[in-house]
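Reader: Please walk me through this fold. Show me the model before we start.

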Amino acid sequence: MNDSDVIEVFLDEICALFPEVKVRMDLHEDDMTTFKMEAFANATTLAISSGQIELAKTYMDYMDRKLINANPKEFEFIDVYYVEHLFWNATDVARHVGWPLVPSKLKELYVKFHGKSALSQG
């Protein structure tokens, strides 16, 4: 399976598990896969911001589990287009509520890119 196929299957899995996210992903053309993954990150941040904590945890726990057996392309999408995009334009309150919920492996990726926790952003 080539990289494009791997990502298509990955995104399809997200949409099947989380149909409410599919609506956001479908706003982007099929070949705009990076934007689709960023839409999942935005959905996670929005869930935190709107007090849907269990939903946000479900999204992040899925991504955390996905990291365990991720191939290099899936890892890239989780790291670059999901984790790096978490808390984008989030309020300080959302960061303080959400950061403790982020699984440790995702936190490590976030800090590796941003150089600090989401609590220090903004």
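Author: Accessible areas come from the Shrake-Rupley method with a 1.4 Å probe, and for residues only the protein chains shown count as cover. This is a predicted model: local features need pLDDT of at least 70, side-chain atom pairs count only at pLDDT 80 or more, and totals for chains, interfaces and linings use all residues. Residues are numbered from 1 along each chain as its sequence is written, and side-chain values use heavy atoms, without hydrogens and water.

Reader: What share of the accessible surface belongs to carbon and sulfur atoms?

Author: The protein chain exposes about 6,700 Å² of accessible surface. Carbon and sulfur atoms hold 53%.

Reader: How many helices and strands does the protein chain have?

Author: Helices (H or I, at least four residues) and strands (E, at least two) are DSSP runs, numbered from the N terminus. The elements run α-α-α-α-α-α-α. That gives 7 helices and 0 strands.

Reader: What percentage of the residues count as buried?

Author: Buried means under 20% relative accessible area, with a 1.4 Å probe and protein chains only. The protein chain has 122 residues. The buried share is 43%.

Reader: Which residues of H1 are buried?

Author: H1 covers residues 3–17. An α-helix has 3.6 residues a turn, so residues three or four places apart point the same way. The buried residues of H1 are Val6, Ile7, Phe10, Leu11, Ile14 and Cys15.

Reader: Which helices do the buried residues of H1 pack against?

Author: Contact means heavy atoms within 4.5 Å. The partners are helix H2 (19–25), helix H3 (33–49), helix H4 (53–68) and helix H5 (72–82).

Conventions. Buried < 20%, exposed > 50% of the residue type's maximum accessible area, 1.4 Å probe, protein only. Expected span 1.5 Å × (residues − 1).
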